[in-house]
Each structure stands twice: as structure tokens, then as C-alpha cells.
Amino acid sequence: MPKGQKVNVKDKVDDNVCDLSLCELKEVPVKEIASFKRVNVLDLSSNLLMSLGKNFTTLTRLVKLDLSKNQIKFLPDDFGLLRNLRHLDLYDNQLEHLPLSFGDLTNLRYLDLKGNPLTPALAKIVGINMTMKECQDSAKRTVKFMSDMQIEAIKAKEQYRLEILQKQMANNDKENNEEDTPNNNSEQQSKTKKNKKSKSKKKTNSNGSDGSNKNSTATSSVMGANDNITIAKATKSKKSANGTIKGSSSSSATNSTSTALTSLMIFLLMVAFNIVLIYMIMFKNPEIAEKLVESIPHQYRDWILTKTEIFRLRVTDWITQFRTPPEEH
């Protein structure tokens, strides 16, 4: 079929099967396929597809899908909407990852991902896919692995959302406290002004009164002395409080620095121990490494495998670079 020519989907439909293989398609004619409501088997193998398009997941009636021998680099994020899929062939494409929604394909019973540049961790989960039994087992393992990854991603999003809400609440509390403090200061200033006015009025009344007695002057002097004593006590208590606050702040600062240093030392020791352990396992006894990998939960296995593989490659490069043969000595 020459390139650029449109495909008549009606001629390619036979009962419930739509065969669009070897048509040199660059885009999937989703609307034309969806118009045939009986079609639940779709063959798009041996084409020039690099993606499936945005509306491909509207074909929710599909039970069998063949996308082998294309150039597909990624699947749609909502690929899990095709929940009726039981047979999926992705042989010989350019896939490196699978979308998290792949875990929603609970009815999938056959999966072929041979010939794809998958990441090492995902390739280990998928398996070899050489026989029918291996493809069936691969479908179960891959769907379970992607569903676990999906759950972990949802938990991480919820934690991130809670952290943002807590930060917003803390910022709001700070703003409210900052608004309350100037109001309190203004109230205290107004009270002091009223007290000063009342004292000045008392003084003027005492000076202007002609018939004041000696007893009243004596009592007023005693009251003034008592006021001075109370003011001196208050200033002393404020100074002592400030001293205690300064001492507590300095002690807390020293404690924080000491704890930070101890935590840093512990972290460095743990890193060194892990590096030595990984080196001994990866280079001295790989059987122990395989057993440890099998004991790791599925949700953390992908991250640990990729990190250990990167570490192993770096160590081997470093050894080959600095190792000298015995003849040069």
C-alpha cells in the first residue's frame, strides 16, 4: 500500500475483527474503528505508529490488541481504561516504561514485551516472554507490579498535599499572631497614657486645693513610695527573665549543634557500611545478591535495582581505570 493513502476501515472489518496490519499507518483511525460497535479484536501490527493518540482509550470494548512491530515509544497515561483487554502484544517497539494505569488491566492474561528497551528493573519483572506460559505469567506479574506502584504514587501525593496544608496553616497562624501583637501594644500605650493623665489630674488637684490637710499629704507620699518600690521590683523581674531566656537559647543552640554532628557521623558510617556490603555482595557472592533482591518488596525493588546497577557500573569503571598490570611494576 503506498504511503499517505487513507485506509478504508470498512473493508478491513470482518465480523468482530478489524485487521489494519501492514497498512503503513502513522495514526490510528480511532473514530472509524469506534463506529463499528461489534469490533473487539484490533490488529495494528507492522505499521509506522509512534504513539496511539489521545482518544485511543475510548475503544473500551477491545479484548485483543496487537501493536507489535511498530515504533511506539510510550503508551497513553490512561491506558488502564481498556479494562476488558485480555491479550496484548507489544513485541518489537521502543517502550522503556509503562504508565501507572497499567495496573488497572486486571483482566489481562497475555502480555508480550519482547524487543523493547525496558529499564532493568521492569525487564526483570516482565521476564523473557518466549513461550505462551511465560507471556501469561508476565501479564500477572506486570499488572501486580504496576498496581503496587500506583498505590505508592497515590500515598506520596497525599503526603505531599498534607505537608502543603500544614505549611499554609502555620503561615496563617504566624500572620494572625503578627496582627495581634500591634493591637496589644496600642492597648498598652493607651492605658499608660490614661494613667499619666489621671496622675497629672491628681497632682493639679492636690496643688490647687487650699484646704488640704497634712495627713493627706503624708498618705500621698507613702503611696508614691510604694509605687516606686513596685516599679523597681518589676524591672528586676524583667531583667532576671531576660537573663534566663538568653541562657536557655544558648544552651539549646549548643545542643542542636552537637546532635547535628552526631547524626552526620552516624549517616556517614551507614553509607560506608552499605557501600562495603554492596561491593562484597555484588562482586564476591552474586547468589546472595539475587536472594536479597527477591526478598525486597515489589514497590521498592525498582528503585534499589537501578541504584545498585549504577553503583556496580561506576565501581567497575573505576577499577578498570586505576588498575595496572603486574608487568609495569
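A nonpolar core here is a set of buried Ala, Val, Leu, Ile, Met, Phe, Trp, Tyr and Cys residues joined through side-chain atoms within 4.5 Å, where buried means under 20% relative accessible area with a 1.4 Å probe, protein chains only. This is a predicted model, so local features need pLDDT of at least 70 and side-chain atom pairs count only at pLDDT 80 or more, while totals for chains, interfaces and linings use all residues. Residues are numbered from 1 along each chain as its sequence is written, and side-chain values use heavy atoms, with hydrogens and water left out.

**The core**
- The largest nonpolar core holds 42 residues, and L42, F56, F79 and F102 have the most contacts inside it.
- α1 (30–34), α2 (120–126) and α3 (132–208) each put in at least two residues, with the largest share, 4 residues, coming from α3.
- Leaving aside residues up to four places away in sequence, F56 touches V28, V30, L42, L44, L62, L65 and L82 (contact: heavy atoms within 4.5 Å).

**The sheet**
- Six strands form an open sheet in the order β1-β2-β3-β4-β5-β6, with mixed pairing (a pair needs at least two DSSP bridges).
- β1 (13–14) and β6 (110–112) sit at the edges with a single partner strand each, so one side of each has no neighbour in the sheet.
- β1 runs antiparallel to β2 (residues 17–19), joined by 2 bridges; D14 has V17 as its bridge partner in β2.

**The whole chain**
- The protein chain has 6 helices and 6 strands, counted as DSSP runs (helices H or I, at least four residues; strands E, at least two) numbered from the N terminus.
- Of its 329 residues, 24% count as buried.

Methods
Buried < 20%, exposed > 50% of the residue type's maximum accessible area, 1.4 Å probe, protein only.
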